[in-house]
Structures are given as structure tokens and as C-alpha cells.
Number of protein chains: 2
Amino acid sequence: MNGTLYLLPIHLGESAPWPDVLPQGTREAACRLSRFIVEQAKSARAALKWLGHPLPLQALAIEALPESPTPAEIDRLLAPVQAGTDTGLMSEAGCPGIADPGALVVRRAHELGLPVRPLVGPSSLLLALMASGLEGQRFAFHGYLPQRDPERSRKIAELERESRQKRQTQLFIETPYRNGALLTALLSTCRPETLLCLACDLTLPTEHVVTRRIAEWRSRPASADFYAKRPTVFLLLAR
Amino acid sequence: MNGTLYLLPIHLGESAPWPDVLPQGTREAACRLSRFIVEQAKSARAALKWLGHPLPLQALAIEALPESPTPAEIDRLLAPVQAGTDTGLMSEAGCPGIADPGALVVRRAHELGLPVRPLVGPSSLLLALMASGLEGQRFAFHGYLPQRDPERSRKIAELERESRQKRQTQLFIETPYRNGALLTALLSTCRPETLLCLACDLTLPTEHVVTRRIAEWRSRPASADFYAKRPTVFLLLAR
């Protein structure tokens, strides 16, 4: 009989205690598992400790998913599930399968006819969208934008144009040390009336969400390194 | 001193007990509030009963947000928050501000400089995306598609084309009694290799998530009324 693949969200930062961000049902499901497919073993062990898994970490099977896994690697990771071992899929932060390579494991689980159970937990993208006040009836997540100009500014202009045409909120992310450069590029590229939200440190004591028109962002510049170490979701809505 | 606007997710269906879908921290924040801005007072009262609010329902201020609120109506609803009363914003199901009119209240709260706190809880869109196994690095939510052909088929073809070009998962929803008609339209419009996921009754005992190629959906047709009463998220990824 097949096991089940549980999709297990974790914290967005260790300073959020689990009862603040995980339902008891999610934690209980995680604590019943002893096998996990993860992005990195080290941070997965920290996450399992954070949620108070009852077994000693050495007793758990924690298997890392390669960044670009081959079909054979995915099948090898899913073989124990086919043989009956319930397994948890975990990301580095937030929800597995969203903005990470875990989706390939879930897709293959469907092909193999394995039951898949998504569990409730924090997602920085979803919390950012809620908190931004921007259009929540139509939105798109684009991952990372190009790192350099002119490609980056061209992409920003394209996203702004598409946002206006479709009345669609555009979400994207950046590696924290480049957040400042991305903000600068947004302020110099977008129209004054466009709404820009920066949502950072979501669920953490330092949580900070600001939505302003580009013109207001320009007149009240953020201190240069405020966003440099904070995981930040960028959201844009053109008008 | 300003109050805080709490963004309070609720269940996707009453048969999910709150400890399965809400963190204790979310429930505690809700139980400390005695004023709520909601979509419909009746279902909001049911949700507050479901999460076991300690006060009698008659003691709570529950104010309905019009479907297309005017700026004056939004300001009236936010005036008590400006005067110091912490207030919870709730949707009919899942997360406020996502696929509902609540975002306008949040946007105005930012303009007024009111603190906004998003709380963790279930979102059918996010759970569907996780569980689908489709592309989670790029995705877009489009709300409802046109109800009639040829507009509906034209929109489906456009979404499929865009999905292939951008490698982007397309999410959309329908009123349950029209789910069957939308599925039929998808099966007749999309290419055989396109992946289609139907995710329904998420978090409920009847949860059901299926991801298949269009060709497979065609060869194993769903029973005509299986989806007719189930809240369903549709997800499409062209290849």
C-alpha cells in the first residue's frame, strides 16, 4: 500500500515560535513522520528541532533533493513512499513547491498515483499579498528579476505595463543583499502613480510592510541598508 | 493612538476544525478582538463561533463591507481603528484581501498610516498550487474566466499560450455549479500535453487533488456532477 506525500510548510525565520505560524494539525502530521525530502539537510534539521519533533534527529531519514533533480533521482526519493512510508516534503522556508524545486517531486507523485496532502502554514508570498492591500483578485509571481541593467529596468517596465493592462499585482523577490539595488531600480523606472509594496521579515518580530506610491517612496527614501539583510517580497500595482 | 488592522484567515469549510487550519497565534489574536470588518455578517458569525471566540456574538461589533465600497464607506469602517480599536478583517473563506474586496480596506489603512498585521491561515489558491505539483516559481491567478463561449474558449487558449511562453502556472476559479462546464471547455480547448490540476475541498475530509495531462483527463472522464458542489481551484501548465 502506498504512503502519502505530506507537503509540510515551515517557519519563515526561527524567531517565530511554531504555535504562531503552524496549525497544531500541521505540527502533529510532521511529528508522526520519520522520513523527509528536503532542500538542505542542515536547515531541515533545524526546522524539525524548531517544531519539536519527538524523535531524536539521528533517528529521522532526511534526504536532500538536488537543485535540478533528474527523473531517476526523483524516482529514487519517491520509491519509499510507493513502498508505504509516509514522507514529508519541506522547503528552506515557507511552503514546499512554491518558489522552490519541490514541485517536481509533487508532480511525479501524481504520475505515480501517490496521495498528496498539502498542510497549512506560512507563505511569504501570500502574507505579502494580503498585507500589501494591492489587487488580490488578479496577481502573478515572477520569481527573480534579471540582476543587471538594462535587462532589469526593461523587465520592470514590462511588468508595470502588464500590471496596468490586466489590473494585476506583480510579485517578485530578490536575494537580500541586492534588495537595495532593486528598490533603486524600481524608483527610477516606475511611474509616480504606481503603487509599490515592500513586505519584509513576515511573521517575525521585525515584520515591516509598507505600501506607497512611487512618488512617495522617492520623497521618503529608505535608509540604504534597511532591506539589505531582510527577506523581502516586492509587489507592484500600476494604475 | 492607532489600533491595528489584523488580517484574519478563516476556514475553507466548517468541517475543518480550527486546530487543523489555524495556528494558535492566529486564533488568539482573533479572540482578543471584539470588532470585525467582514463580507457577510451571517457567515462571519458562523466563523467566529467555529473558532470559539470567548465573547457572546451579540457583544461583538461585526460590520459588513459593501461589495464595491466607496472611499467614504471604507473611511467610516476604518475610523474606529484610527481611534484605537483593534479590528479584524475577514473574508467569506480563507485569506482576506485575496480574491475578495477586502484589499481596498488594507490599501486605505496604509494610506492612513495604520499598522496592518497579516495572520497565517489557509488559502485555497496556495494549497492548490502546492498540491498540484505544477510550476511554483512562476504563477498567476486570474479570478473567474468568462462564463460563455466563444469568450471562455478564447480566454483558455490565451492562458495556455501565455503559460507555455512564460513557463507559468495559471490559476482560476469558477462558481461550483459551473465547474463541470469549465472542465468540459478546458478538455476541448487545450492541447493533449498540457497539464491540468483540479484541487477541490481543500483541508476538508473530502479533499481531492488530481493532476493529469489533458489527454489523460479525456480518456478518464470525471463523473458529470463530481465537481458541481465542491469549491475547486483550476490550475493549468502548458508544455
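In β6(B), A140(B) is the bridge partner of A140(A). F139(A) stands opposite F141(B), also in β6(B). This is a predicted model, in which local features need pLDDT of at least 70, side-chain atom pairs count only at pLDDT 80 or more, and totals for chains, interfaces and linings use all residues. Residues are numbered from 1 along each chain as its sequence is written, and chains are lettered from A and ligands numbered from 1 in the order in which they are written.

The two β6 strands, residues 139–144 in chain A and in chain B, pair in the antiparallel sense over three bridges. Pairing requires at least two DSSP bridges between two strands. Strands (E, at least two residues) and helices (H or I, at least four) are DSSP runs, numbered from the N terminus.

The open sheet has 10 strands with mixed pairing, in the order β9(A)-β8(A)-β10(A)-β7(A)-β6(A)-β6(B)-β7(B)-β10(B)-β8(B)-β9(B). β9 (208–213) of chain A and β9 (208–213) of chain B stand at the edges; each has a single partner strand, so one side of each is left without a neighbour in the sheet. From one strand to the next, the twist averages 15°. Angles run from 0 to 180 degrees between N-to-C directions, with axes fitted to C-alpha atoms, for helices over the stretch in contact.

Chain B gives 44 residues to the contact, and chain A gives 44 residues. Contact means C-beta atoms, placed from the backbone, within 7 Å. The side of chain B that touches chain A divides as follows.

| Class | Residues |
|---|---|
| nonpolar (Ala, Val, Leu, Ile, Met, Phe, Trp, Tyr, Cys, Pro) | 26 residues |
| polar (the others, Gly among them) | 13 residues |

Definitions and conventions: Two residues are in contact if their C-beta atoms, placed from the backbone, lie within 7 Å.
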